[in-house]
Amino acid sequence: MAIRPAELGAPSDDKRWRIVETRMRRTGQRPDALIEVLHAAQEAFGYLDPDALEFIGGALGVPLSKVYGVATFYSFFTLKPHGQHTCVVCTGTACYINGAPRILAEIRGRLGVGPRETTEDDKLSVLTARCLGACSLAPAMILDGEVHGKLTPGGVAERLEAL
Amino acid sequence: MTETAGERRPARRRHRQGLVPEGPARASAHVCQAASCLSAQSDLVSEALTERVVAAGLGDVAVKRVGCLGLCAAGPLVEVPETGELFERVSPGELDGLVAALGAVQPGATRRPQPPFFARQLRIATENSGRIDPESLDDYLANRGYAALRKAVTAMTPAEVRDEVTRSGLRGRGGAGYPTGLKWTTVVKAPGEPKYVICNADEGDPGAFMDRSVLESDPHRVLEGMAIAGYAVGARQGFVYCRAEYPLAVARLKTAIRLAARAGLLGSAIADTQFGFEVELRLGAGAYVCGEETALMASVEGGRGSPSPRPPYPAVAGLWARPTLINNVETFANVPAVIRNGGDWFAGIGTASSRGTKVFALAGRVVNTGLVEVPMGVTLRQVVFDIGGGIVDGRAFKAVQTGGPSGGCIPEEHLDMPVDYESLKQVGSIMGSGGMIVMDDTSCMVDVAKYFMDFCREESCGKCVPCRVGTTQLHQLLDRISSGRSDPGDMERLERLSGMVQKTSLCGLGQNAPNPVFSTLRYFRHEYLAHIQDRTCPAGVCTMAAQEVAN
């Protein structure tokens, strides 16, 4: 039985909810589609707020406690909005032995932010990744969706300061 | 080149995929479009090259966007397959040499001898990588694509397919090396319907990018392997569980699933038979433990990726408690070749216990970082020095790390050991999924052990105490040692606690977490002693705490 979007009761009339609703309908609103739908919501809004968790749980028939449990279990999901720019520094083995710790230290030293932190002006969020799979570019990072490789600590800090 | 209605058919067709000449191609340029080269702007290279070839009036030259060419360190890469010339670090602004080379290719040219990086390899799972356009079903079909699936469903019984896989001696390429044929047979025998097939594409080991490359370069191959497996075990539904950190692999998989379904190669009535097989894509969300099969299934079901005790094994009670076959990307990628060429052919490659080839991601302090596929049984020295080209800056080799956080560090004295499941285990490491990280004298082995323990500590799902608490305690011990704050009893504490975590953890993550500690203690004990007794780090990596006043 298909449920029309109106019956899903999105938290607001923000158009981005339609993306989430579409994904839910495509997956037949099955409870096992929870992770897929959380992905859709985070893609649309950038993070998952309590309204989103409650709405998704209700629409898929999953208790809020479980939705929260899943959203906090996976490191890909974030419950807080990121800054204007996002810099993901790879800390995989190849990047680690090629100097990723020095890059993170330089960022902290010059921009005052560590992993999972955002600058006070909300300009930059720094994250780390387990491995980007770009090992031949080590050390590597993703700055606003674009992979940069063969980094030097100074070069990274300069690039971030120029944002 | 804009076309208007009613105009004569243009001499050549330009499209997103590159440039296809009207007649047979005299020469072609294969431009790598896998993640590593793409991040070095190889998409701009293929666009600029297409324009340059058109401008130069080379009407019989093709420009093709292909998957991984392997030598990622030198990207963006462009290969001229007719002559075997490889152009490295190609810039979209400097294409004169490449265009001239394409113009100079003689009809019927033969490939020049390849450098050791390529000559030493044997490609089965990656045979199409760098040769076909991963976003084109036609190109896959033109390279014997889906021939094995057609053969299986039209000319073989499911039992014959399983026998062929059993005869091939293929073992799981995800790391544990469980015989694939045996796993398939167990799923068939298990009561319960429906049965499921899962492709584990949650490549979580840091430093491993084999599966990513296979999915980006030849996604149909994996789907074909899964469909053959579905036929062999009696499943009609498959899932690919792919990590979200691989957006390009995810996009190409989605394209491949859509194209294959439209062509009747997935879905109901495959090749006009009774057999039907659907594939659904599921995204991971950044949890290393989901590479463990029971945790992976919990995640496919939409929950937290917490592992469960085995037995029951997934083959008996897996996804939604139904019999489920889980194999890794590379395992499935081998299946079409096994069915096409026969199990005996595959079994003729490699060693007695480890048949076939293995794909390795070569990275770290080695000259030729990239993706390599070698027959089982080659030595580590051949991989690191002949194929890998040795250590960067001419420094001294220290260790090669295989198996990620579940593996170990292998020192120089074992470099002449053959690469196979048993040999690697004997020296205290594992085959793992295929990450191979080369370390030189700039790496401190205590620091490396600490790095992996930090990884396991953070990735522990927290369900069982030995893993949740044990890895944290082990990390603290390693931190004390590496910062020069340890006491003489710490070494013994480290060994005892490692043994306990190994023996008592619930799943593979915890059971294997101490492996890097064991292997570094075994081969690099002197480095631990230097940190504990002399309070120095021989490699100069660790920062030692200021000496406290004695006693």
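**Exercise 1. Determine what percentage of the 551 residues of chain B count as buried, and characterise the overall form of the chain.**

Solution. Of the 551 residues of chain B, 56% count as buried. The model is a predicted one.

Step 1. Take the secondary structure: chain B contains 22 helices and 15 strands.

Step 2. Compare the radius of gyration with the globule rule. The radius of gyration of chain B is 25 Å, close to the 24 Å that the rule gives for 551 residues, so chain B is as compact as a globular protein of that length.

Step 3. Along the principal axes, the C-alpha atoms of chain B fill a box of roughly 95 × 60 × 40 Å.

Step 4. Consider the contacts in chain B with a separation of 6 or more: 74% of them are between residues 24 or more positions apart.

**Exercise 2. State into which domains chain B is divided, and describe how domain 1 meets domain 2.**

Solution. Step 1. The assignment divides chain B into domain 1 (16–113), domain 2 (137–347), domain 3 (357–440) and domain 4 (445–534).

Step 1. A distance of 33 Å separates the C-alpha centres of domain 1 and domain 2 of chain B.

Step 2. Contact between these two domains involves 5 residues of domain 1 of chain B and 6 residues of domain 2 of chain B. On the side of domain 1 that touches domain 2, the residues are 4 nonpolar, 1 polar and no charged.

**Exercise 3. Give the strand order of the parallel four-strand sheet of chain B, and explain why E9 and E10 stand at the edges.**

Solution. Step 1. The 4 strands form an open sheet in the order E9-E8-E7-E10, with parallel pairing.

Step 1. Strand E9 (278–283) and E10 each have a single partner strand, so one side of each is left without a neighbour in the sheet.

Step 2. With direction ignored, neighbouring strands of this sheet are turned by 20° against each other on average.

Step 3. Examine the pairings. Strand E8 (residues 235–242) of chain B is joined to E9(B) by 6 bridges and runs parallel to it; here B:Phe239 stands opposite B:Glu280. Helix H13 (residues 329–341) of chain B packs on the sheet, where it touches E7 and E10, and its direction makes about 90° with that of E10(B).

Step 4. Strand E7 (residues 195–201) of chain B is joined in parallel to E10(B) by 5 bridges, and B:Asn200 has B:Asn328 as its bridge partner.

Step 5. In strand E10 (residues 324–328) of chain B, 5 of the 5 residues are buried, so the strand is largely enclosed by the rest of the structure. B:Thr324, B:Ile326 and B:Asn328 point one way, B:Leu325 and B:Asn327 the other way.

**Exercise 4. Locate B:Gly204, and decide whether B:Gly204 is buried or exposed.**

Solution. Step 1. B:Gly204 lies in the loop between E7 and helix H9 (210–217) of chain B.

Step 1. Apply the cut-off: a residue is buried if 20 or more other C-beta atoms lie within 10 Å of its own. B:Gly204 has 24 C-beta neighbours inside 10 Å and therefore counts as buried.

Step 2. List the contacts. Neighbours within four places in sequence left aside, B:Gly204 is in contact with A:Arg130, B:Arg243, B:Tyr288 and B:Gly291.

**Exercise 5. Describe the five-strand open sheet of chain B.**

Solution. Step 1. The order of the 5 strands is E12-E11-E15-E13-E14, and the pairing is mixed.

Step 1. Strand E12 (370–375) and strand E14 (408–411) stand at the edges; each has a single partner strand, so one side of each is left without a neighbour in the sheet. From one strand to the next, the twist averages 30°.

Step 2. Strand E11 (residues 357–364) and strand E15 (residues 435–440) of chain B pair in the parallel sense over 4 bridges. B:Ala361 has B:Gly435 in E15(B) as its bridge partner.

**Exercise 6. State how many residues of chain A are in contact with chain B, and which helices supply them.**

Solution. Step 1. Contact involves 31 residues of chain A and 35 residues of chain B.

Step 1. Helix H3 (34–45), helix H5 (64–73) and helix H6 (93–97) of chain A each supply at least two residues of the side that touches chain B.

Step 2. By class, this side of chain A has 20 nonpolar, 8 polar and 3 charged residues.

Conventions. Residues are numbered from 1 along each chain as its sequence is written. Chains are lettered from A and ligands numbered from 1 in the order in which they are written. This is a predicted model: local features need pLDDT of at least 70, side-chain atom pairs count only at pLDDT 80 or more; totals for chains, interfaces and linings use all residues. Two residues are in contact if their C-beta atoms, placed from the backbone, lie within 7 Å. Ala, Val, Leu, Ile, Met, Phe, Trp, Tyr, Cys and Pro count as nonpolar, Asp, Glu, Lys and Arg as charged, and the others, Gly among them, as polar. Two strands pair if DSSP finds at least two bridges between them. Axes are lines fitted to C-alpha atoms, for helices over the stretch in contact, and angles run from 0 to 180 degrees between N-to-C directions. A residue is buried if 20 or more other C-beta atoms lie within 10 Å of its own, exposed if 12 or fewer, and partly exposed in between; C-beta atoms are placed from the backbone. The radius of gyration is taken over C-alpha atoms; the globule rule is 2.2 Å times the number of residues to the power 0.38. Domain bounds come from an automatic or database domain assignment.
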